[in-house]
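Trainee: I should like to learn how to read a structure feature by feature. May we work through one together?

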Amino acid sequence: MARAKPHGTLKLEMRAKPTSQASSENPRTHIVPSRETRLQRRERALQIVDRLEELYPDADCSLRFKNPFELLISTILSAQCTDKRVNLVTRDLFKRWPNPHKMAAASISELENAVKTTGFFRAKAKNIQGCCRKLVDQFDGNVPQTVEELTSLPGVGRKTANVVLGSAFGVAEGVVVDTHVGRISRRLALTKAKDAIRAERDLVREIPRNHWVAISHRLIQHGRGTCLARKPRCAGCGLEDLCPRVGLPRHLKNSR
Ligand code: SF4
């Protein structure tokens with residue numbers, strides 16, 4: 001995807017002149033958003049969107065699914081569990097119970113055993129079965145396509161609803177805020193919120209709607225490979241010049 005045109009003529013505050021050789025070779029401007037205006041923050045958010053698109057053009061949902069039902073169940077199972085583990089579990093799960101009707105009629109102890117390795121297996125088995133029963137009873141066995149209907153299903157919160165709408169139906173109703181998206185958004189000063197609902201509210205204000213689905217996948221990929229929770233790899237990070245590194249220790253903040 002082509003880089004967007006440079007945005008506007010906004011003058012953003014310079015932190016300091018680059019001193020290291022690596023920095024002086026970097027043609028990108030170093031920005032300090034500590035006293036950003038609303039307009040400047042929006043401008044920087046757009047640059048971040050463009051840059052992430054450049055860095056992760058193919059980022060996508062890492063849960064494997066063939067239809068909205070599989071994505072819905074996989075997302076419920078992914079709470080407190082890696083997508084890799086969920087993909088291992090769902091390979092057999094969906095062979096055995098391939099649709100809501102069959103999963104609704106499954107024995108709960110067999111379901112518990114099948115999802116055991118994803119953690120919190122009793123609650124998850126109860127939720128996925130409750131979810132399937134409601135799909136069968138109220139939605140003709142189909143996955144609904146609104147946040148309100150999706151969040152009426154057992155085990156489905158706003159994040160799961162956004163994942164399903166965005167990745168299974170291509171509907172952008174919000175930004176999926178998981179642990180990676182929340183952490184990186186705070187470091188980038190796109191939000192101060194620690195809870196996902198408020199962080200999402202801030203992100204949808206700054207990011208154009210047509211990027212809502214992709215930005216989550218891209219931030220998640222960035223969080224897995226570069227902006228790690230404990231030791232972010234700021235040196236060499238593709239967002240370095242756009243990131244004030246909020247909340248990071250001084251030695252990482254000054255490592256430009
Ligand atoms: S510069 Fe550091 S804190 Fe900012 S996004 Fe990159 S890795 Fe994360």
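Trainee: Among contacts in the protein between residues at least 6 apart in sequence, what percentage join residues at least 24 apart?

Mentor: Please keep in mind throughout that this is a predicted model. The figure is 59% of the contacts between residues at least 6 apart in sequence.

Trainee: How many residues does the largest nonpolar core have, and which have the most contacts inside it?

Mentor: The general idea comes first. In soluble globular proteins, nonpolar side chains tend to be buried together. In this model, buried residues make up 34% of the 256 residues. The largest nonpolar core has 51 residues, and Ile 128 and Val 164 have the most contacts inside it. Both domain 1 (21-60 + 175-253) and domain 2 (68-168) give residues to this core, so it lies between them.

Trainee: Which residues does Val 164 touch, not counting those up to four places away in sequence?

Mentor: Val 164 touches Pro 68, Leu 71, Leu 72, Thr 75, Val 143 and Leu 150. Val 164 is also one of the buried residues of helix 9.

Trainee: Why is helix 9 described as largely enclosed by the rest of the structure?

Mentor: A residue counts as buried when 20 or more other C-beta atoms lie within 10 Å of its own. Helix 9 (residues 158-168) has eleven residues, and nine of them are buried, so the rest of the structure largely encloses this helix. Among the buried residues are Lys 159, Asn 162, Val 163 and Leu 165. The buried residues pack against helix 3 (68-77), helix 8 (147-150), helix 11 (196-206) and helix 12 (212-225). After helix 9 comes Gly 170, with a positive phi near 65 degrees.

Trainee: Where else is phi positive, in a residue other than glycine?

Mentor: Again, the general idea first. Most residues other than glycine have a negative phi, and most peptide bonds are trans. Asp 140 has a positive phi near 55 degrees, and Ala 189 has one of about 60 degrees. Asp 140 lies in the loop between helix 7 (121-139) and helix 8, whereas Ala 189 is found in the loop between helix 10 and helix 11.

Trainee: Is Ala 189 buried or exposed?

Mentor: Ala 189 counts as buried, because it has 20 C-beta neighbours inside 10 Å. Asp 140 has 9 such neighbours inside 10 Å and therefore counts as exposed.

Trainee: How should the span of helix 12 be read, and what should its 14 residues span at 1.5 Å a residue?

Mentor: The expected span is compared with the distance between the end C-alpha atoms. For helix 12 the expectation is 20 Å and the ends are 21 Å apart, which agrees. Helix 2 (38-55) has 18 residues and reaches 25 Å from its first C-alpha to its last, close to the 26 Å expected.

Trainee: Against which helices do the buried residues of helix 12 pack?

Mentor: They pack against helix 2, helix 9, helix 10 (179-187) and helix 11. Helix 12 is mostly covered, with eleven of its 14 residues buried; these include Trp 212, His 217, Arg 218 and His 222. In helix 2, the buried residues include Glu 43, Arg 44, Ile 48 and Leu 52, and what covers the buried residues of that helix includes helix 11 and helix 12.

Trainee: Where does Val 86 lie, and which residues is it in contact with, leaving aside neighbours within four places in sequence?

Mentor: Val 86 lies in helix 4 (residues 83-96) and is buried, with 24 other C-beta atoms within 10 Å. Val 86 is in contact with Leu 63, Ser 74, Leu 77, Ser 78, Cys 81 and Thr 118.

Trainee: Finally, which residues come nearest the ligand?

Mentor: Of the 14 residues around the ligand, Cys 227, Pro 232, Cys 234, Cys 237 and Cys 243 come nearest. The shell divides into nine nonpolar, one polar and four charged residues.

Technical notes
Residues are numbered from 1 along each chain as its sequence is written. This is a predicted model: local features need pLDDT of at least 70, side-chain atom pairs count only at pLDDT 80 or more; totals for chains, interfaces and linings use all residues. A nonpolar core is a set of buried Ala, Val, Leu, Ile, Met, Phe, Trp, Tyr and Cys residues joined through C-beta atoms within 7 Å. A residue is buried if 20 or more other C-beta atoms lie within 10 Å of its own, exposed if 12 or fewer, and partly exposed in between; C-beta atoms are placed from the backbone. Domain bounds come from an automatic or database domain assignment. Two residues are in contact if their C-beta atoms, placed from the backbone, lie within 7 Å. A residue is near a molecule or strand if its C-beta atom, placed from the backbone, lies within 6 Å of it. Ala, Val, Leu, Ile, Met, Phe, Trp, Tyr, Cys and Pro count as nonpolar, Asp, Glu, Lys and Arg as charged, and the others, Gly among them, as polar. Helices (H or I, at least four residues) and strands (E, at least two) are DSSP runs, numbered from the N terminus. The expected span of a helix is 1.5 Å times one less than its number of residues.
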